[in-house]
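Let us take a friendly walk through this two-chain model. Have the picture open beside you as you read.

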Amino acid sequence: MKFAIQVLKGPYNHEASDTAYNFVKAALDKGHEIVRIFFYHDGVINVTNMASPPQDDRNIYARWTELGNEKGIDIVACIAASKRRGIKEGHIVDGTRISGLGQLTEMTIEADRLITFG
Amino acid sequence: MSEEMEDNENVKKIMFIMRNAPHGGIYSYEGLETVLIMAAFEQDLSMVFIGDGVFSLVKNQDTDAIGIKGYIKTYGVLEDYEVEKIFVDRQSMEDRGLTTDDFAIPVEVKEADEIAKLMQEQHATIPY
């Protein structure tokens, strides 16, 4: 099945980023396809490269780089939501990109299921 | 949305579920922005307002005192974008002492079971 993933909450303050990541990993393990991961609302904070979380805990930001670079998943933060929250090109983690709401639209149309976290 | 478009299999039924009051958070405003963008892709869009989401449609909102940009007028352009399926959950509306006369745009009031049926018909539902 083709899944599209939307994340609406920022990292650490809410479990949405964790459950989205775990869902994507589990879906890939089962042989499903992830069309795209789209960050909207405070979800865009997931891709900042300005964060340094404690090393004895999970690094949520690095997880997206892992999925983007190693699994080849297209990971997009909404540009309008990013501008509101200080997220911009050059300050986002590897394996992610910033683009418009058209990307949310396209993945919603293309996927069999849109799953929203947050 | 013309009948011809509704019959086109490339046109997907997508429903936005508006759950939040208009100014306590940005969900409702950024949700509306998404609807307007998606409308340009000529999909079969609808919006359903449930819970505190029904407050988003109340007319004559004055946000000056809270220092937040009001956007109730933006709902008025939905018709220009051919987003005309605007549903309101009856129970949510009545629980908050509202009637359709309080809303800034025409809406279709639905019972919860009717809304559930509409949701089942969608290709995707997007909660904001």
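Helix H4 (residues 112–120) of chain B lies across S1, S2, strand S3 (85–89), S4 and S5 of chain B, and runs at about 140° to S3(B). Helices (H or I, at least four residues) and strands (E, at least two) are DSSP runs, numbered from the N terminus. Axes are lines fitted to C-alpha atoms, for helices over the stretch in contact, and angles run from 0 to 180 degrees between N-to-C directions. Two residues are in contact if their C-beta atoms, placed from the backbone, lie within 7 Å.

This is a predicted model, where local features need pLDDT of at least 70, side-chain atom pairs count only at pLDDT 80 or more, and totals for chains, interfaces and linings use all residues. Residues are numbered from 1 along each chain as its sequence is written, while chains are lettered from A and ligands numbered from 1 in the order in which they are written.

**The sheet of chain B**

Five strands of chain B make an open, parallel sheet in the order S4-S3-S2-S1-S5. Two strands pair if DSSP finds at least two bridges between them. At the edges sit strand S4 (108–110) and S5 of chain B, each pairing on one side only. Neighbouring strands are turned by 25° against each other on average, direction ignored. S1(B) and S5(B) are joined by four bridges, and B:Phe16 has B:Ile126 in S5(B) as its bridge partner.

| Helix | Strand | Angle |
|---|---|---|
| H2(B) | S1(B) | about 165° |
| H4(B) | S3(B) | about 140° |

**Where the chains touch**

Chain B brings 14 residues to the contact and chain A twelve residues. On the side of chain B that touches chain A, H2(B) gives the most, with six residues.

**A helix of chain A**

Helix H1 (residues 16–29) of chain A has 14 residues and reaches 20 Å from its first C-alpha to its last, close to the 20 Å expected at 1.5 Å a residue (1.5 Å times one less than its number of residues). Which residues of H1(A) are buried? They are A:Ala16, A:Ser17, A:Ala20, A:Tyr21 and A:Val24. Buried means that 20 or more other C-beta atoms lie within 10 Å of a residue's own, exposed that 12 or fewer do, and partly exposed in between, with C-beta atoms placed from the backbone. Seen down the axis of H1(A), its buried residues fall within an arc of 130° (taken from the directions from the helix axis to the C-beta atoms), so they line one face of the helix. The face turned away from the buried side of H1(A) carries the exposed A:Ala26 and A:Asp29.
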